[in-house]
Amino acid sequence: MRTLKQRLAAGERLLGGLLRLPSETLVEMAGVAGLDFVVLDCEHGPADLVPLQQHVVAAQAHGLGVLVRAGAAEPALVLRVLDLGADGVIVPHVDTAEQARAVVAAAHYPPLGGRGFATYSRAGRFGARDIAEHLARSAETTLVVPMIETPEACAAAPEILAVPGVDAVLVGPADLSVAMGLTGGAAEPRVRQAMAEVAKAAERAGKPMVSIVGSTAQAAAAPPGAVIYNLAHVLLHTLRDLAGQSGR
């Protein structure tokens, strides 16, 4: 079976769900519904490692890829979530190529990075893989996605995308909007323009975009690459729609 990284590099349109509400049941429902992957959010959600492992296990049991969004500059967390078996990491607030290189270094073993090595982790099948096999599997699987969330990061997008080991980029529209002094998120014309420029840089670099959306209409308009549905947004709007049908 091809890895999430291989499928994204091959140009597949992948659909995922961003989960910041701890719930293995939602992970299972995402698999039953036919999504390709889930993103477990440890930036704006809990980062408890034992429940996180349980979510990873639930996802993989349903054939879902797993990405984990760490906090900014948290190499220790990056190491741990990859040891738990996640397919890759999304790292927020990457403003420069130097910061992107640090993210790659945290996620990859030498020679590409400096991640601490162990085969007895869950990712190494508790020692069942030898060193060479584990190194090869990690290189095939580990997906690194920096988040671009400031005007400075947007300007540096070509340099960030050129860093070896960066597989894709994700623009955070809410953070970008606030960094611009705006409050409309992705609805702001300046934010949309900046996102479009990053998408052009990604196309020139031959790397896919990862886009966070709140609806199927937004997903249809997203650039080539992976689409992540913000499940909190989707669930809230669904509940509001249900409440609006109550006749009150």
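Student: Let's start with side chains. How do D41 and R20 meet?
Tutor: The side chains of D41 and R20 meet in a salt bridge, at 3.1 Å from N to O. A salt bridge here is a side-chain nitrogen of Lys or Arg within 4 Å of a carboxyl oxygen of Asp or Glu.

Student: Where does each one of that pair sit in the chain?
Tutor: D41 is in strand β2, residues 37-41. R20 is in the loop between β1 (14-19) and α2 (24-33). They are 21 residues apart, so the pair links distant parts of the chain. Helices (H or I, at least four residues) and strands (E, at least two) are DSSP runs, numbered from the N terminus.

Student: Before we go on, what kind of model is this?
Tutor: It is a predicted model: local features need pLDDT of at least 70, side-chain atom pairs count only at pLDDT 80 or more, and totals for chains, interfaces and linings use all residues. Residues are numbered from 1 along each chain as its sequence is written, and side-chain values use heavy atoms, with hydrogens and water left out.

Student: Back to D41. Buried or exposed?
Tutor: D41 is buried, because its relative accessible area is 3%. Buried means under 20% relative accessible area, exposed means over 50%, and partly exposed is in between (1.4 Å probe, protein chains only). R20 has 23%, so it counts as partly exposed.

Student: Which residue does R69 form a salt bridge with?
Tutor: R69 pairs with E43, and their closest N and O atoms are 3.4 Å apart. This pair also links distant parts of the chain, 26 residues apart. R69 is in strand β3 (residues 65-69), and E43 is in the loop between β2 and α3 (49-61). R69 is buried at 5%. E43 is partly exposed at 22%.

Student: And what about R115?
Tutor: R115 forms a salt bridge with D83, with the closest N and O atoms 3.0 Å apart. R115 lies in the loop between α5 (97-107) and α6 (131-141), while D83 is in helix α4, residues 75-83. That puts them 32 residues apart. Both R115 and D83 are buried.

Student: How many salt bridges does the count come to?
Tutor: Ten. There is a network too: salt bridges link R2, R7, E12 and D36.

Student: Why do such side chains pair?
Tutor: Side chains of opposite charge can pair when their charged atoms come close.

Student: What joins β8 to β1?
Tutor: Five bridges join them, and the strands run parallel. Two strands pair if DSSP finds at least two bridges between them.

Student: What do β7, α11 and β8 make?
Tutor: With helix α11 (residues 216-221) they make a right-handed β-α-β unit. Right-handed means that, with the strands pointing away from the viewer, the path from the first strand over the helix to the second runs clockwise.

Student: Quick one on P189. Where is it found?
Tutor: P189 is in helix α10, residues 189-205. At 55% relative accessibility, P189 counts as exposed.

Student: And T119?
Tutor: T119 is in the loop between α5 and α6. T119 is buried, because its relative accessibility is 17%. Leaving aside neighbours within four places in sequence, its contacts (heavy atoms within 4.5 Å) include G124, F126 and H134.

Student: Zoom out. How many helices and strands does the protein have?
Tutor: Twelve helices and eight strands. Buried residues make up 48% of the 248 residues. The C-alpha trace spans about 60 × 40 × 30 Å along its principal axes.
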